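Please open the model in a viewer and keep the selection panel at hand.

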Amino acid sequence: MQLVGQKGKSRTSLTKAVCAAAALAATLLASGCSADDAGTGQHGAPAAKGPAGSLTGYSEQLKHAEAARLAAVKKWGLAKPPLLAPPAPAVKPRITNRPGFETDGGDSLPPVFTTVPTKDKIVFLTIDDGAEKDPQFLKMMQELRIPYTAFLSDYLVKDNHAYFKKMQSLGVTLNNHTLNHRYMPALSYDEQRHEICDQQDKIGQWAGERPKLFRPPYGNYNEDTLKAAHSCGIKAAPLWAEEAFTDHMEWREWDRDLHPGDIILTHFRGPQDWNGTMGDMVRQVMKVITDKGYAVARLEDYV
């Protein structure tokens, strides 16, 4: 027997409404709104109950979130609104070594790669070291809802853990870039293990979570590097396909272009090192990404 509800809605119709609300919820989360925001209607009034109410509530929240994002685009001087990434995959792709980047340890060691397997027009923004600690950068990225991943060196962040804990509280994952940013292949296995594993311990202590990702300084490594990283819990070693500066991009590939799943490197740098600020770098790299029809996704959703 078919169940008929108020105004003749069948079970099938209710299911469709619920699915539509769920789809909007996924889009809402992708835009950066919290789940708590979805429980109220406009001006904070309680949302209507049931699937129809959920649909209306999510639609209103989505409108407000998009309006806030567009206002942030104008505030921070971006050339165009960033494109929104699709929802994260239900199952993460299998990550393997980039051809030519393997060591003799093969699949038993953390994979080294520059691009994540995906057909979606997405890229990943990663930021290294930790020298510049610009509070305006944190605010800018939060308001624009641009995801990024940090790789930190202890000697640069130890004097201001609070800055990076604030970053972490905004949803950024803090990963391992060694204690002292040394050239790994010149070190013994024990020296490399000290650089990597002691940084694992330090980040675990002050940030409350041990990293799963490791990036070797300068992108240089050998088999001992990966063995040492594996020994203290590292799961993968992402490198990069492009590097962003305040006024240009540097390209690894011959075609000097973005590709689905590319990892972009930049650094925590400011006017002392660059001809500009972290905000200038964001404006420049986001113009390139958006002009080429790409969105920025969260690396941890794929790796």
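Begin by selecting histidine 177 together with its contacts: leaving aside residues up to four places away in sequence, histidine 177 touches Asp128, Asp129, Phe151, Leu152, Ser153, Arg215, Pro216 and Pro217. The model on display is a predicted one.

**Histidine 177**

Next, display the polar contacts of the side chain. One joins the side chain of histidine 177 to the side chain of histidine 181, at 3.1 Å. In another, a polar atom of the histidine 177 side chain lies 2.7 Å from the backbone oxygen of arginine 215.

**The second largest pocket**

Now show the second largest pocket, which holds about 360 Å³ of space. Its lining comprises 20 residues, and those closest to the centre of the pocket are Asn175, Lys212, Leu213, Glu300 and Val303. Colour strand E4 (174-176) and helix H6 (189-207), each of which contributes at least two residues to the lining. Colouring the lining by residue class gives 10 nonpolar, four polar and six charged residues.

**Helix H7**

Select residues 223-231, which form helix H7, and pick out Thr225, Leu226, Ala228 and Ala229, which are buried there. Turn the view to look down the axis of H7: the buried residues fall within an arc of 160 degrees, so they line one face of the helix. Against which elements do the buried residues of H7 pack? They pack against strand E1 (112-113), H6 and strand E5 (237-238).

Then inspect the two ends. At the start of H7, a side-chain oxygen of asparagine 222 comes to within 3.1 Å of the backbone nitrogen of aspartate 224. Just after H7, glycine 233 adopts a positive phi of about 100 degrees.

**Tryptophan 76**

Finish at tryptophan 76, a residue of helix H2 (residues 50-76). Its relative accessibility is 12%, and tryptophan 76 therefore counts as buried. Show its contacts, not counting residues up to four places away in sequence: Gln136, Lys139, Met140, Glu143, Leu144 and Arg283. For one of these, lysine 139, a distance label between C-alpha atoms will read 9.9 Å from tryptophan 76, although the two residues are 63 residues apart along the chain.

Note on methods:
Residues numbered from 1 in each chain as written. Predicted model: local features only at pLDDT ≥ 70, side-chain atom pairs only at ≥ 80, totals over all residues. Heavy atoms only, no water. Helix = DSSP H or I, 4+ residues; strand = E, 2+ residues; numbered from the N terminus. Buried < 20%, exposed > 50% of the residue type's maximum accessible area, 1.4 Å probe, protein only. Contact = heavy atoms within 4.5 Å. 1 Å grid on protein atoms, 1.4 Å probe; cavity = no way out; pocket = protein on both sides within 12 Å on 5 of 7 lines; lining within 4 Å. Points joined across faces, edges and corners; volume = space filled by probe spheres on them. Nonpolar A, V, L, I, M, F, W, Y, C, P; charged D, E, K, R; others polar. Arc of directions from axis to C-beta. Polar contact = N/O pair within 3.5 Å; in protein donor to acceptor, adjacent residues only side chain to side chain.
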